[in-house]
Amino acid sequence: MAEQKKRIAVNAFDMTCVGHQSFDLWRHPRSRATEYNTIKYWTDLAQILEKGFFDGVFLADVVGIYDIYKNSAAPAIEGGAQVPVNDPFMQISAMAAVTEHLGFGVTSAVTYEQPYTLARKYASLDHLTNGRVGFNVVTSYLPSAAECQGLETQIEHDTRYELAEEFLDVCYKLWEGSWEDGAVVKDREKGIYADPAKVHPIQHKGKYFSVPGAGLTEPSPQRTPVIFQAGASSRGQKFSGKHAEVVFIGALRPDLTRIITDRIRDRAEENGRGRDEIKVFAMLSIIVDETEEKAKAKYEEYRKYVNLESSQAIIGGWSGVDLSQFDEDEVLNYVKTESIQSFLTPFTLQAKDKQWTRKDIAEHCTIGGMGEVIVGDPQQVADELERWIDEGGLDGINLAYHVSPGSFEDFIEFVVPELQKRGRYRTSYEGETLRESLFGKGQTKVADSHPAAKYRGAYVGKPSTADTPARAIAN
C-alpha cells in the first residue's frame, strides 16, 4: 500500500501595513496593499483565501519602527517598510464574518502586554470567530519598541523568553482553569447566567506578574487559541518545544531547514510531547504563471520596483546590525545581538557554499524578505514545494505576497489545482475550528500533553467567586 503523502498546509502571510516582505512593491499597479487600512481590503482577501482552501491568514506585527540602519527611521518610513502599521486584531471580526473556515493567526508581543487583558482579547476573538483564532507569541526584537514602551534598553533576549513563559502560564490558567465546564448555565427562570461556585480566581503570583482574580471571559470554543511561535534561536526552539503548536521559521534551503525542524521536534519530545504535535511552517514566496517564461518575466517586472534602502532598513531591525557600516562587497560574519538571533545564521554559520556580502543579503531580502522565492510554471512550483516539505521536514508554508492579493490569487489559480492533483492539498475543510483545520476533525482543544492542559479542572474544589473576593483570597 502506497504511503499517504503529507498534506501541504498554507497560510497567507500578511501584516497590517503597506510593505511587508517584498518592499516597495506596494507601488506596483497590481498591488492593493495601500488599502491596508480599509475593511474591504481585508474582507476581500479573506474570501479569496477561503475559496483557495488556505488554512489561515497569519498576521505579523511589530510595535516599533526600524531605525537601526543608518541610525535613522527615514529609510523605512520613505519606503513604507512595515510602517505605518496598524493593530492586527482590528480586522479579524470583519474577516470572520465573511468566511466560515479560514483561520486567523494574530501576533502579539507579550513583552509589552499584560496577560490578564490579552487573554481576554484572544478569548473574545475565539468566541466571535467560532474557534478560528491562533496566538502568535513573540517577544519583540526592535530597540525602538522597548524605548517607546518606557524601557531604557531592550530586555535581554533570553530574559524575554523567561517572561513569555510566565505570561503563557497565566493565560493558560485563565483560559483552561478559571471557568469550569458547566459554569455557564443560562437559566432564564432562575435568573442565573453563570454559577459563581464554578468560577475560580487563579491566585497567580510570580516573578513578573500578579493575577489574583478570575478570568473575564467564559470558555471559548477552543479555550486556549492555537499557539503559534516564531523563533528559531536556541532559546526560541526550547520555548516552542514546550508551548508551540505551530512554529514559523525562516529558511534558505531544504537541507538547512531540516536541521531546524528536527531540533524543534526533539525539543517537543523532551517536553513529553509527540513529534507530530507541532506543525512547522517556513516562509516562502511564489511567482507563478501558466509558463516558466511568463513567470520569469513577472519576476523581472517586480524587480523594477525594489529599493535596497528599504530592504536594509528591515534587515537592521531583524538582525540588530546596521549594514551601512560595511562595504557593499564585504562578507558578513555572524553577530550575536538582542534582536532575532537566528536571522543571520543561514547567511553566515550555515552558508557553507556561499559567502554572503552586504549587497547579497540586501538583494535577497528585497523580494520575499528572508524567505526563498520560487519562480516557475505550476508543475515546477509544485515540485519545489514538495521538495521543501519532504526534504525540509515541514508541514506547510507561510506564503508571503509580492503584490496583494494578486500573489495569493496566482497561487490559487495555478498551484492549488496542481497540488490537489498530486494529493498534496485539501479539496475541502475538515472540522470547524482552526485547531481542527490543522490537526484533524475533533481536535478543538489542546492536546493532553500540552502545558495548558494541566489546568483543566485544576481549580475544582478550590476557592471560587462564590466564597470571597479574589483580592481577599490572594491576601
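Q: Leaving aside neighbours within four places in sequence, which residues is T107 in contact with?
A: This is a predicted model: local features need pLDDT of at least 70, side-chain atom pairs count only at pLDDT 80 or more, and totals for chains, interfaces and linings use all residues. Residues are numbered from 1 along each chain as its sequence is written, and side-chain values use heavy atoms, without hydrogens or water. Contact means heavy atoms within 4.5 Å. On that basis T107 touches F58, L59, A60, D61, P88, F89, Y122, N136 and V138.

Q: How far is the backbone oxygen of L59 from a polar atom of the T107 side chain?
A: A polar contact is a pair of N or O atoms within 3.5 Å; within protein, one must be able to donate a hydrogen and the other to accept it, and residues adjacent in sequence count only if both atoms are side-chain atoms. For the backbone oxygen of L59 and the T107 side chain, the distance is 2.6 Å.

Q: Why does T107 count as buried?
A: Buried means under 20% relative accessible area, exposed over 50%, partly exposed in between (1.4 Å probe, protein chains only). T107 sits in strand 3, residues 103-109; strands (E, at least two residues) and helices (H or I, at least four) are DSSP runs numbered from the N terminus. T107 counts as buried because its relative accessibility is 3%.

Q: Which residues does the UniProt annotation "binding site" cover?
A: The record is an unreviewed entry. Its positions are given in the numbering used here, feature names are shortened, and annotations may be inferred rather than shown by experiment.

Q: How many of the 10 residues of helix 7 are buried?
A: Helix 7 spans residues 234-243 and is mostly covered. Its buried residues pack against strand 4, helix 6, strand 9, strand 10 and helix 8. Among them are R235, F239 and H243.
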